[in-house]
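Here is a friendly walk through a model that may be new to you. Take a look at the chains first, and then we'll go through them piece by piece.

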Protein chains: 2
Amino acid sequence: MGHFSFAVASIDGSARLSQLETPHGPIAMPAFAPVGTLANVKTLEPRDLHEAGASLVLSNTYHLYLRPGHELVERMGGLHSFMGWDGPMLTDSGGYQVFSLAHRRALDEDGVTFRSHIDGSTHRFTPERVMEIEQALGADIAMVLDECAEPLDRGYNEQALVRTHRWAERCRAAHTRTDQALFGIVQGGIFPDLRLQSAEFLTRLDFPGYAVGGLAVGESKEQMYATLDETCPALPADKPRYLMGVGAPEDIVEAVYRGIDFFDCVLPTRIARNGALMTRNGRLNIRNAQFAEDTLPVEEGCDCYTCRTFSRAYLRHLFKAKEITGLRLATIHNVHFMLRLMDEIRGAISTGTFADFRAAFHEQHTMTDQTVRHAQRAKRAANVQSSAG
Amino acid sequence: MGHFSFAVASIDGSARLSQLETPHGPIAMPAFAPVGTLANVKTLEPRDLHEAGASLVLSNTYHLYLRPGHELVERMGGLHSFMGWDGPMLTDSGGYQVFSLAHRRALDEDGVTFRSHIDGSTHRFTPERVMEIEQALGADIAMVLDECAEPLDRGYNEQALVRTHRWAERCRAAHTRTDQALFGIVQGGIFPDLRLQSAEFLTRLDFPGYAVGGLAVGESKEQMYATLDETCPALPADKPRYLMGVGAPEDIVEAVYRGIDFFDCVLPTRIARNGALMTRNGRLNIRNAQFAEDTLPVEEGCDCYTCRTFSRAYLRHLFKAKEITGLRLATIHNVHFMLRLMDEIRGAISTGTFADFRAAFHEQHTMTDQTVRHAQRAKRAANVQSSAG
């Protein structure tokens, strides 16, 4: 991968401070990618993402394939040019969305046929077709087409894994862009032997990076962490490791602790639009009456535009009055919150104090099963239904 | 008015280049005020308004009285502090909104009783009550409570004018804030004798500024311009003149030509959210298929963030996909468009070339009755139903 290089600068326990060079610049890791489903992070602009310190933005192949279409994006100069984001980008494969369509999809060995959630029209994804689409979109990092099985269903995972591996091989063979890195995705549910088998198989295909897929979709926190305990050591040490769809702050801290390098999740942006504002002490539901005359910023010490400029009382007013500006100001804060967290994580690893950071984080952060369940629900809901709202 | 001073720098025909000093800075006139109904210009932030060059922002007394309430705004330090806008502000009196409630209001000599469009609760505005509310909000410029009559109904206008004048006297008497300028509102429909009578009456009350109210609500363009022809010369030359609720570019040019100094209108922000983008050649409906692969900016030569960064094709995609970001990018452009127009108008007056500017403007701009009717409809619709949409 001539346009790409990955270097681990320091290791603290299993946590890694690293950097991935891409054609659109470096990604300092551990990193969090805000999700720009339809070629924009809802309510934000590229300048907002730069201001927040975003180093990677994810966009969804399934959604862009349907609207406005990957050929159109390609004719407009590719995703970077189309959406005005000049930093590193990643596209998923659309597999996760298609498998979430449940009764609207039919799977076979060659690929998957599905009906659009927008107009019911029929479409087909195969590994080769998805590679064509992702290469047309032209993100820096593309993902292989995989099958997302229920993480707790052993039989389903055994079957799905075989297909996922054959599809990974076909994606590898079909992918030709040298300015785009194609990452493999380790599956296998919560079953250590399947995860190891998957890591081993994909490692042999020598991808420039590896994702852990199929987590945060129904298993418990303990099962997720145990799966990472087994999987991370089986991944090549000299390649970046991506935990897909995980974004609850406590999960990020725990995953970094286990050796994960980067993340994406709709959580911070989605809950922002519901009036949930992230702080290190947990979330504020800004609609609550208790904030009606609260002159404090959302989070003291936060240097985002929202916290620098407005009170909780004003944000509550905007949400109560259903003003679009409120959705945006909340999103600005939550994205800043996540990227500041990643910055602090990187700082802690660089000084060899990540264990202390982790302990202090959990002391401060309200980590409840409720929070995790909320995150998982949000993630599943966000999957397909991702239009503005 | 110790905190205020108004100076006309140059006159070109009847068009005036002037400046109004306020406690929150100067307003270079002719000026256009974007409307921030609920203490925010929908989808925008104060920094966006500064970037666009806004020198005055209007907010609506009726809406703020209902949500979040003027007492709350006052306790939060007033409207400027609450919404984070440190430039000049104006509040209307709420009269226009209340009179738009039609069957939900009952008028008497002392005031008007009405039911909230939000929850049906009963409220009462009198001149004294409105002064209390506007002084609590604390804008730099407040407006008297007036009665907005149908502009073509002579009998109604005769009756309404008597009450409007008595209410103007009562507002004048009840208004005490020295850091807030209270402006009178000339009414009288399209009837020159009533307009003159109103101008004369209000001039005797010696307001620091005068608005022309009750226009762009049903009369033709010709009737609006003829009314300005009669009214402007009857207003004191040494006070600012405000044409309320007018914002179609061609109407602004014509009103400046007749001696009006400033304007407000929801038009640019409201039509932006419908995908109508303003250019000097008329409007683009960005949803149109013709823009699907159009790599041009909305308006060539426009230096707004939207035009500097994105193509028409991208904006169309955002609107088709119902992304909030599209509403915002369109609003940014339209507000820039209006403020650039005002800048060019000021430039033309300063060089004594406003007549040429006006001729060139009309040559370029698609001025149709349709445009005006659209503006008037938008204005009436915006009146009460002004939540995010």
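## Getting your bearings

Two strands count as paired if DSSP finds at least two bridges between them. Helices (H or I, at least four residues) and strands (E, at least two) are DSSP runs, numbered from the N terminus.

This is a predicted model, where local features need pLDDT of at least 70 and side-chain atom pairs count only at pLDDT 80 or more, while totals for chains, interfaces and linings use all residues. Residues are numbered from 1 along each chain as its sequence is written, and chains are lettered from A and ligands numbered from 1 in the order in which they are written.

Let's begin with an open sheet of 3 strands in chain B, in the order β1-β2-β3 with antiparallel pairing. Its edge strands are β1 (5–12) and β3 (25–29) of chain B, each of which pairs on one side only. From one strand to the next, the twist averages 15°. Between β1(B) and strand β2 (residues 15–22) of chain B there are 7 bridges, in the antiparallel sense. If you zoom in, B:Ser10 stands opposite B:Leu17 in β2(B).

What lies across these strands? Helix α14 (residues 324–350) of chain B lies across β1, β2 and β3 of chain B, and it runs at about 115° to β2(B). For such angles, axes are lines fitted to C-alpha atoms, for helices over the stretch in contact, and the angles run from 0 to 180 degrees between N-to-C directions.

## Another sheet, this time in chain A

Over in chain A, you'll find an open sheet of 3 strands in the order β7-β8-β9, with antiparallel pairing. The edges are β7 (105–107) and β9 (122–125) of chain A, each pairing on one side only. Here the twist averages 15° from one strand to the next. β7(A) and strand β8 (residues 112–115) of chain A run antiparallel and are joined by 3 bridges. A:Leu107 stands opposite A:Val112 in β8(A).

## Buried strands

In a regular strand the side chains alternate between the two faces of the sheet. Strand β4 (residues 31–34) of chain B has B:Ala31 and B:Ala33 pointing one way and B:Phe32 and B:Pro34 the other way, and all are buried. Buried means that 20 or more other C-beta atoms lie within 10 Å of the residue's own; exposed means 12 or fewer, and partly exposed is in between, with C-beta atoms placed from the backbone. β4(B) pairs with strand β14 (residues 262–265) of chain B in the parallel sense over 4 bridges, and B:Ala33 stands opposite B:Asp264 in β14(B).

In chain A, A:Ala31 and A:Ala33 point one way from β4(A), A:Phe32 and A:Pro34 point the other way, and all are buried. β4(A) has 4 bridges to strand β14 (residues 262–265) of chain A, again in the parallel sense. A:Pro34 stands opposite A:Cys265 in β14(A).

## Out on a helix

Is A:Glu200 buried or exposed? A:Glu200 counts as exposed because it has 12 C-beta neighbours inside 10 Å. You'll find A:Glu200 in helix α8 (residues 192–204) of chain A. Its C-alpha atom is separated by 19 Å from that of A:Pro151, 49 residues apart along the chain.

## Two domains in chain A

Chain A is assigned domain 1 (5–265) and domain 2 (272–371); such bounds come from an automatic or database domain assignment. The C-alpha centres of these domains of chain A lie 26 Å apart. Their contact takes 24 residues from domain 1 of chain A and 25 residues from domain 2 of chain A, where contact means C-beta atoms, placed from the backbone, within 7 Å.

On the domain 1 side of that contact, α10(A) gives the largest share, 6 residues.

## How the chains meet

The contact between the chains takes 35 residues from chain A and 35 residues from chain B. On the chain A side, α13(A) gives the most, with 5 residues.

A rotation of 180° with 0.0 Å of shift along its axis superposes chain A on chain B, with RMSD 0.0 Å. The two copies are therefore related as by a two-fold rotation axis. Superposition is by least squares on the C-alpha atoms of residues with pLDDT of at least 70 in both copies. Among the residues of chain A, A:Ile324 comes closest to the rotation axis, at 3.9 Å (C-alpha). The same surface serves both copies, as 100% of the contact residues of chain A recur in chain B.

Definitions and conventions: Two residues are in contact if their C-beta atoms, placed from the backbone, lie within 7 Å.
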